[in-house]
Amino acid sequence: MRNQGFNWHDPILWAQGLGVSVGVFAASMILGSLIGIFIALCRVYKVPVVAPLLLVISEFLKNSPVLVQLFLVFFGVPVLLQVNITPAEAAIFTLTGNTAAFIAVIAISAMDALDRGQLEAARSFGHSERSILRKIIAPQALVVAMPALIGLAVNQLQVTSLISAIGVIDLTKVGQILNQRTWQPFIVWAIIGVTYFVLSRVLAMAGGRIENRLRRHMDWAGL
Amino acid sequence: MIEIDQLHKKFGDTEVLKGISLTIAPGEVVSILGASGSGKSTLMRCMNGLAGLNGGSLLIDGLDVSKPRELREIRKRCATVFQHFNLYPHLSVLENITLAPIDVLGRKKAEVEAEAFALLKQVGLADRADAYPGQLSGGQKQRIGICRALAMQPRYLLLDEVTSALDPEMTGEVLDVLAALARSGTTMIFVTHEIAFAREISSRIVFLDDGVVRADMPTDRFFAEDGGYGDERIARFLAKMRNK
């Protein structure tokens, strides 16, 4: 392998890797949140068959390594179902499932934290379950869940680095490519590390601001 | 008209209501008295459908609480005030009061808000419309709880130990509001420990003991020596409550 220095093309490669990491993160966070909330609702409202089935799946997703899940989806699923699957698809699919499992846990405990009395009051006044969920439960549960959601988001961002193992050209993979070419591991990995650090901080700060705004509105809600 | 016939309610193996029969006519102010665990609150929870029945029937204006579609209609006619207020902490006082009329009755927001302000004025809290429940004292919260129930313009007002969670100073302000209501002709069903108050405002007393109706008579009969007071169990209860 030849030892070459950095060149003008490297920042573009870095930016591409950054874009892929952020894209996979955002896609899996958004899809995972939707699915996670769906799982939580099935469990809170004790939907028969679906709720226990989802419980088993989400327990598996929470209690096995993400890297193993990635390998299972990327190498295992194509063999099982005789389909082609790109590394990026496998990455988004796996991280979405993994995120959903954790979102479900957070959503369930946030809903559990609410005082039952106000839900009884809402029922006694004839509100439908749907409008109780939308107008009473959701706004309060979101405030309760915010700190855990921010923590999860920061963690899932770091977890995206694992997708380099199945060949997705994300930020970490870009690091590997540059490292192999330049043999400057300290510089390369410091830059990649700082990039993740800055992204995480931005994420945490944005989340903190949203949380503060929600809380300011509910300063007196005793939540 | 509320018609309760041979109502049974069990929690697990414990039978809490053992065949309650009771008819309450529009305009009546009825107090339901009884020791803790006698089934008073459970009876009230059966009326607004928060607890299901295990036997017998409970009809309100001919509608059956055990049928979901009819229960929905019943809930538009019966409003409950709760012991622990159960206000929505994330909504302002005004929003707490207007939520159900807008969402359940489908009424216009402006109209409902105007009525809410009138109710707030009636209970002396006109200046707290924008406050959140967490900013209010217990007595104020309960007055908002009453406004929230009245905003539904209910035919029947169910009051479940509405002063039990308040200190004596605040109990007065809530009872004043209720006394004014009782005079206005709203049908009211009180579950209460406030014996003196029950005597003052209700036209009829129902005494529950261990899941059955031990006495059901006009208020003055209930407190008469040869009426309810003559019953050994009731006399013991009243004596104990007086000493508290």
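# A tour of chains A and B

In chain B, helix α3 passes helix α4 in a right-handed crossing; a crossing is right-handed if the near helix is turned clockwise from the far one by less than a right angle, and left-handed if anticlockwise. The model is a predicted one, in which local features need pLDDT of at least 70 and side-chain atom pairs count only at pLDDT 80 or more, while totals for chains, interfaces and linings use all residues. Residues are numbered from 1 along each chain as its sequence is written, and chains are lettered from A and ligands numbered from 1 in the order in which they are written.

**Stop 1**

Select residues 109–122 of chain B, which form α4(B), together with α3(B). Their axes are 9 Å apart and the packing angle is about 135 degrees. That makes α3(B) oblique to α4(B). Here helices (H or I, at least four residues) and strands (E, at least two) are DSSP runs, numbered from the N terminus. Axes are lines fitted to C-alpha atoms, for helices over the stretch in contact, and angles run from 0 to 180 degrees between N-to-C directions. Angles under 35 degrees count as roughly parallel, over 145 as roughly antiparallel, 65 to 115 as roughly perpendicular and the rest as oblique.

The crossing of α3(B) past α5(B) is right-handed.

**Stop 2: single residues of chain B**

Move to B:Gln153, in the loop between α5 and β7 (156–160) of chain B. Its phi is positive, about 45 degrees, although the residue is not a glycine. Most residues other than glycine have a negative phi. B:Gln153 has 14 other C-beta atoms within 10 Å, so the residue is partly exposed. By the rule used here, a residue is buried if 20 or more other C-beta atoms lie within 10 Å of its own, exposed if 12 or fewer, and partly exposed in between, with C-beta atoms placed from the backbone.

Then select B:Gln6, in strand β1 (residues 2–11) of chain B. Phi of B:Gln6 is near 50 degrees, again a positive value in a residue other than glycine. B:Gln6 is partly exposed because 14 other C-beta atoms lie within 10 Å.

Go on to B:Asp209 in strand β9 (residues 204–209) of chain B. With 17 C-beta neighbours inside 10 Å, B:Asp209 counts as partly exposed. Show B:Gly37 as well: 172 residues separate B:Gly37 and B:Asp209 along the chain, and their C-alpha atoms are separated by 8.5 Å.

UniProt positions are given in the numbering used here, feature names are shortened, and annotations may be inferred rather than shown by experiment. Residues 2–235 of chain B are 37% helix and 26% strand, with end C-alpha atoms 28 Å apart.

**Stop 3: chain A as a whole**

Display chain A, whose secondary structure comes to eight helices and zero strands. Its C-alpha trace spans about 75 × 45 × 25 Å along the principal axes. Chain A has 223 residues, of which 31% count as buried.

UniProt (unreviewed entry) places "domain: ABC transmembrane type-1" at residues 18–207 of chain A. That span is 83% helix and 0% strand, and its end C-alpha atoms lie 20 Å apart. The annotation "transmembrane region" (unreviewed entry), also from UniProt, covers several stretches of chain A, including residues 66–85 and 132–154. Residues 66–85 of chain A are 80% helix and 0% strand, and their end C-alpha atoms are 18 Å apart.

**Stop 4: helices of chain A**

Select α1(A), residues 10–44, with α4(A), residues 87–112. Their axes come within 6 Å and cross at roughly 45 degrees. The two helices α1(A) and α4(A) are therefore oblique to each other, and their crossing is right-handed.

Finish at α6(A), residues 129–159. A straight helix of 31 residues would span 45 Å at 1.5 Å a residue, but α6(A) spans only 36 Å between its end C-alpha atoms; the expected span is 1.5 Å times one less than the number of residues. Where does the kink in α6(A) lie? Centre on A:Ala145, where there is a kink of about 50 degrees, shortly before the proline A:Pro147. The bend at a residue is the angle between axes fitted to the seven residues ending there and the seven starting there. A:Ala145 is one of the buried residues of α6(A), and A:Ile136, A:Gln140 and A:Leu149 are also among them.
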